[in-house]
Amino acid sequence: MIFLNPSGAPELGCDACGCRWFDRRTGTCYECSTPVSEESQAEYRQALVEFAQRRSAESEEE
Ligand SMILES: [Zn+2]
């Protein structure tokens with residue numbers, strides 16, 4: 001699942017336990033060792049892209 005942090009940036013959270021701590025080398029949750037699905041990783045990357053686009057759109061308006 002994808003969370004938004006207070007600055008509006010997306011963070012990847014564990015589908016199983018909801019924590020946000022992942023070992024990025026192995027792609028598993030620190031808390032419960034659930035592997036991050038390829039689907040979730042793709043969703044997270046997409047959210048990051050959208051966040052970056054939103055940020056650059058906002059800075060252009062200033
Ligand atoms: Zn977990």
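**Reading the labels on a predicted model**

Guide: In this predicted model, the protein chain has a radius of gyration of 13 Å, whereas a compact globule of 62 residues would have one near 11 Å. The C-alpha atoms of the protein chain fill a box of roughly 45 × 20 × 15 Å along the principal axes, and the pattern read along the sequence is β-β-β-β-α, with 1 helix and 4 strands.

Visitor: What makes helix 1 lie largely in the open?

Guide: A residue is called buried if 20 or more other C-beta atoms lie within 10 Å of its own; of the 24 residues of helix 1, the number that are buried is 0, so the helix lies largely in the open.

Visitor: Why is Asp15 called partly exposed?

Guide: The label applies between the limits of 12 or fewer for exposed and 20 or more for buried; Asp15 has 15 other C-beta atoms within 10 Å, and is therefore partly exposed. Asp15 lies in the loop between strand 2 (10-12) and strand 3 (22-23), and, leaving aside neighbours within four places in sequence, Asp15 is in contact with Met1, Thr34 and Ser40. Asp15 and Glu58, by comparison, are 43 residues apart in sequence and 31 Å apart in space, C-alpha to C-alpha.

Visitor: Why does Ser33 count as exposed?

Guide: The cut-off for exposed is 12 or fewer, and Ser33 has 12 C-beta neighbours inside 10 Å, so Ser33 counts as exposed. Ser33 is placed in the loop between strand 4 (28-29) and helix 1, and has a positive phi of about 65 degrees although it is not a glycine.

Visitor: What makes Leu12, Cys14, Phe22, Cys29 and Val36 a nonpolar core?

Guide: A nonpolar core requires buried residues of the listed nonpolar kinds, joined through C-beta atoms within 7 Å, and these 5 residues form the largest such set. Not counting residues up to four places away in sequence, Cys29 touches Cys14 and Phe22, among others including Trp21 and Thr34. Buried residues make up 8% of the 62 residues in the protein chain.

Definitions and conventions. Residues numbered from 1 in each chain as written. Predicted model: local features only at pLDDT ≥ 70, side-chain atom pairs only at ≥ 80, totals over all residues. Helix = DSSP H or I, 4+ residues; strand = E, 2+ residues; numbered from the N terminus. Contact = placed C-beta atoms within 7 Å. Rg over C-alpha atoms; globule rule 2.2 N^0.38 Å.
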